[in-house]
Amino acid sequence: MASRKQFGSWLDGTPEGNSETSAQRADRLGLPESGPGSQAGLGRRLVGLSVDWLAASVVSWLLFDYNSMATLAVFALQHFLFVSSLGYSIGHFVAGLRVRPEESGNSFVGFVRGFLRTALLCLVVPAVVWDGDGRGLHDKAARTYIVRR
């Protein structure tokens, strides 16, 4: 009979046993290990998301009697417009983050990537499923990174 050890598990991490350092991951992704332009941590991302949701909630409360679908629509609209055009949402700005496309030298996310990223973010599941590089599936699909400003 086959054992769990033979098949491995997603709980075990990578086949190398998570031996990869942050420097190796940063080098592979083409990002600096720390400082501006480095990959953003979970704490900053959660702060940014919370600020964005709070802003959308306030607008929804003022204009739409805090309807849940209106709150989601306001969140999606502000996220799409700001990330697509500026590269950061209100929450990203407060948390010191920026959304950057994978291509080096290009700082403009664009409306197609911004729309895809926002749509997947609003579905929630793609945003909470991360790959080994710490990127959500919404970022992988849109080919973007969240980095520190």
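**A tour along helix α3**

Select α3 and look for Arg45, Gly48, Asp52, Ala56, Ser57 and Ser60, which are buried, meaning that each has under 20% relative accessible area with a 1.4 Å probe and protein chains only. What you have open is a predicted model, in which local features need pLDDT of at least 70 and side-chain atom pairs count only at pLDDT 80 or more, while totals for chains, interfaces and linings use all residues. Residues are numbered from 1 along each chain as its sequence is written, and side-chain values use heavy atoms, with hydrogens and water left out.

Next, show the neighbours of α3: its buried residues pack against α4 (68–85), α5 (90–95), β1 (97–101) and β2 (144–148), where contact means heavy atoms within 4.5 Å. Helices (H or I, at least four residues) and strands (E, at least two) are DSSP runs, numbered from the N terminus. An α-helix has 3.6 residues a turn, so residues three or four places apart point the same way.

How far apart are the end C-alpha atoms of α3? They are 31 Å apart, which agrees with the 33 Å that its 23 residues should span at 1.5 Å a residue, the expected span being 1.5 Å times one less than the number of residues. Just after α3, select aspartate 65, which takes a positive phi of about 55 degrees.

Now step back to the loop between α2 (22–29) and α3 (42–64), and select glutamine 39 there. A polar atom of its side chain lies 2.8 Å from the backbone oxygen of aspartate 133. Leaving out residues up to four places away in sequence, glutamine 39 touches several others, including Arg25, Arg45, Gly134 and Val147.

Then turn to the largest pocket, which has a volume of about 470 Å³. On a 1 Å grid over the protein atoms alone, a pocket is an open set of points with protein on both sides within 12 Å along at least five of seven lines, and lining residues have an atom within 4 Å of a point; the volume is the space filled by probe spheres set on the points, which are joined across faces, edges and corners. Of the 22 lining residues, Arg45, Leu49, Leu121, Ala127 and His138 are the closest to its centre. The largest share of the lining, seven residues, comes from α3.

Conventions. Polar contact = N/O pair within 3.5 Å; in protein donor to acceptor, adjacent residues only side chain to side chain. Buried < 20%, exposed > 50% of the residue type's maximum accessible area, 1.4 Å probe, protein only. 1 Å grid on protein atoms, 1.4 Å probe; cavity = no way out; pocket = protein on both sides within 12 Å on 5 of 7 lines; lining within 4 Å.
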